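This report describes selected local features of one protein chain. The sequence and the model are shown first, and the description follows.

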Amino acid sequence: MPRYDFRCRACGDTFEINRPMAESAAPAPCPQGHADTVKLLSTVAVMSGGGTTAPPRASGAGGGGCCGGACGC
């Protein structure tokens, strides 16, 4: 379920609400009870493969580093 960030215009409190995307535009009162809130723009970083893939390496017989390129240097 997506998380949406809001800020209260009355008290300045920033808070999060988990709700379905179908309810993303619904008003969200702040935890202090104020009704004048605004939804904040949030960014999300998504990495393919869970970030565990190794960067591409040049093909060939090694780079000539400290161990002839076997360690990837």
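## The hairpin of E1 and E2

In this predicted model, E1 and E2 form a hairpin with five residues between them. Gly-12 lies in the turn and has a positive phi of about 80 degrees. Strand E1 covers residues 3-8 and strand E2 residues 14-18; the two run antiparallel and are joined by five bridges. Strands are DSSP runs of E with at least two residues, numbered from the N terminus, and two strands pair if DSSP finds at least two bridges between them. Within this arrangement, Phe-6 has Phe-15 in E2 as its bridge partner.

Residues are numbered from 1 along each chain as its sequence is written. Local features need pLDDT of at least 70 and side-chain atom pairs count only at pLDDT 80 or more, whereas totals for chains, interfaces and linings use all residues; side-chain values use heavy atoms, with hydrogens and water left out.

## The aromatic pair

A search of the whole structure finds one aromatic pair. The pair consists of Phe-6 and Phe-15, whose rings are stacked at 5.7 Å centre to centre with 15 degrees between the planes. Rings of Phe, Tyr and Trp (its six-membered ring) pair if their centres lie within 6.5 Å; planes under 30 degrees apart count as stacked, over 60 as edge-to-face and the rest as tilted.

Phe-6 counts as buried at 3% relative accessibility, and Phe-15 counts as buried at 8%. Here buried means under 20% relative accessible area, exposed over 50%, and partly exposed in between (1.4 Å probe, protein chains only).

## Salt bridges

Side chains of opposite charge can pair when their charged atoms come close. A search of the whole structure finds three salt bridges, each defined as a side-chain nitrogen of Lys or Arg within 4 Å of a carboxyl oxygen of Asp or Glu. Arg-3, Asp-5 and Glu-16 are linked in a network of such bridges. Arg-3 meets Asp-5 at 3.5 Å, N to O. Arg-3 is partly exposed because its relative accessibility is 46%, whereas Asp-5 counts as buried at 14%. Between Glu-16 and Arg-3, the closest N and O atoms are 3.6 Å apart. This pair links distant parts of the chain, with Glu-16 in strand E2 and Arg-3 in strand E1, 13 residues apart. Glu-16 is exposed, with a relative accessible area of 52%.

A further salt bridge joins the side chains of Arg-9 and Asp-36 (3.7 Å, N to O). The pair links distant parts of the chain: Arg-9 is in the loop between E1 and E2, and Asp-36 is in the loop between E2 and strand E3 (37-39), 27 residues apart. Arg-9 is exposed, with a relative accessible area of 56%, and Asp-36 is partly exposed, at 43%.

Which side chain of opposite charge is nearest to Arg-19? Arg-19, in the loop between E2 and E3, is buried yet has no salt bridge, and the nearest side chain of opposite charge, that of Glu-23, is 4.6 Å away. For this comparison Lys and Arg count as positive and Asp and Glu as negative; His and the chain ends are not counted.

The side chain of Arg-19 reaches the backbone oxygen of Glu-23 at 3.1 Å and the backbone oxygen of Ala-26 at 2.8 Å. Beyond residues up to four places away in sequence, Arg-19 touches several residues, including Met-1, Pro-2, Tyr-4 and Phe-6; contact means heavy atoms within 4.5 Å.

Notes: Helix = DSSP H or I, 4+ residues; strand = E, 2+ residues; numbered from the N terminus. Polar contact = N/O pair within 3.5 Å; in protein donor to acceptor, adjacent residues only side chain to side chain.
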